Amino acid sequence: MDNDVSAGSTTTIVGRLALGITLLAVGLGYTEVIDGVTAADAVSIAQYVGGVALFVAGLMAFRDGDSVGGTAFSALGALWFTWAVSADNQVSANAAGLFLLLFALVALSLTIAVGDQLAKGTYGLFVVSLVLLAVANFADNGSLAKVGGWFAVAAGAVAWYAATAALAHWPTAVPRRAARRGVTATG
């Protein structure tokens, strides 16, 4: 890691903390690594932290002129709010899988659009998680859902680190290796 530290905007920090906590809670629920805790237990966190707080952070980002952050946080806020309020509704596994696949496309767009490495890592891991969870729904495969949960945990950890690093002025960029000029490999 290099010493380049980005303080990040307050809106970005709040959005990343909300996303990180939501991903950690939901991901750990899907992994079932904590006895008696499932993804359904994360509904309140998903609704209020992931849904409401992220959506408000998105609106604040738009107000600040940050279209990428505004899009990311408001779209993901809508995802989590919808996921939480529909948790008690009976929908088919295929409908749930389609919902996850559609939001995987949103997360893929975010992965492509963002500039910093930690955000790309967060959204990229989230894409993988959503695709795995969607396929797990289509195939009724609990083991695949657990793997998707672990990818959500990883995405949440990266989002949490990004927010904490901005607050604590820790490094947020991975150094690029200097190109070696004039060096050739010999047999």
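On a 1 Å grid over the protein atoms alone, a cavity is a set of points where a 1.4 Å probe fits but cannot get out, and lining residues have an atom within 4 Å of a point. Grid points are joined across faces, edges and corners, and a volume is the space filled by probe spheres set on the points. This is a predicted model, in which local features need pLDDT of at least 70, side-chain atom pairs count only at pLDDT 80 or more, and totals for chains, interfaces and linings use all residues. Residues are numbered from 1 along each chain as its sequence is written, and side-chain values use heavy atoms, with hydrogens and water left out.

The whole structure holds 2 cavities of 30 Å³ or more. The second largest cavity has about 50 Å³ of space. Its lining consists of Arg16, Leu19, Leu118, Ala119, Thr122, Tyr123, Ala159 and Ala162. Two or more of these residues come from each of H1, H5 and helix H6 (142-168). Helices are DSSP runs (H or I, at least four residues), numbered from the N terminus. H5 gives the most, with 4 residues. The lining of the second largest cavity has 6 nonpolar, 1 polar and 1 charged residues. Here Ala, Val, Leu, Ile, Met, Phe, Trp, Tyr, Cys and Pro count as nonpolar, Asp, Glu, Lys and Arg as charged, and the others, Gly among them, as polar.

Now the largest cavity, at about 90 Å³. Val26, Tyr30, Leu79, Trp80, Trp83, Phe99, Leu100, Phe126, Ser129, Leu130, Leu133 and Ala152 line it. H1, H3, helix H4 (93-113) and H5 each give two or more residues to this lining. Again H5 gives the most, with 4 residues. By class, the lining has 11 nonpolar, 1 polar and no charged residues.

Ser129 sits in helix H5 (residues 117-139). Ser129 is buried, with a relative accessible area of 1% (buried means under 20%, with a 1.4 Å probe and protein chains only). A polar atom of its side chain lies 2.8 Å from the backbone oxygen of Gly148. Beyond its neighbours within four places in sequence, Ser129 is in contact (heavy atoms within 4.5 Å) with Gly148, Phe151 and Ala152.

Last, helix H2 (residues 43-63). Its 21 residues reach 28 Å from first C-alpha to last, close to the 30 Å expected at 1.5 Å a residue; the expected span is 1.5 Å times one less than the number of residues. Buried residues in H2 include Gly50, Gly51, Leu54, Ala57 and Gly58. The buried residues of H2 pack against helix H1 (10-31) and helix H3 (67-85). Just after H2, Gly65 takes a positive phi of about 85°.

Methods: Buried means under 20% relative accessible area, exposed over 50%, partly exposed in between (1.4 Å probe, protein chains only). A polar contact is a pair of N or O atoms within 3.5 Å; within protein, one must be able to donate a hydrogen and the other to accept it, and residues adjacent in sequence count only if both atoms are side-chain atoms. On a 1 Å grid over the protein atoms alone, a cavity is a set of points where a 1.4 Å probe fits but cannot get out, and a pocket is an open set with protein on both sides within 12 Å along at least five of seven lines; lining residues have an atom within 4 Å of a point.
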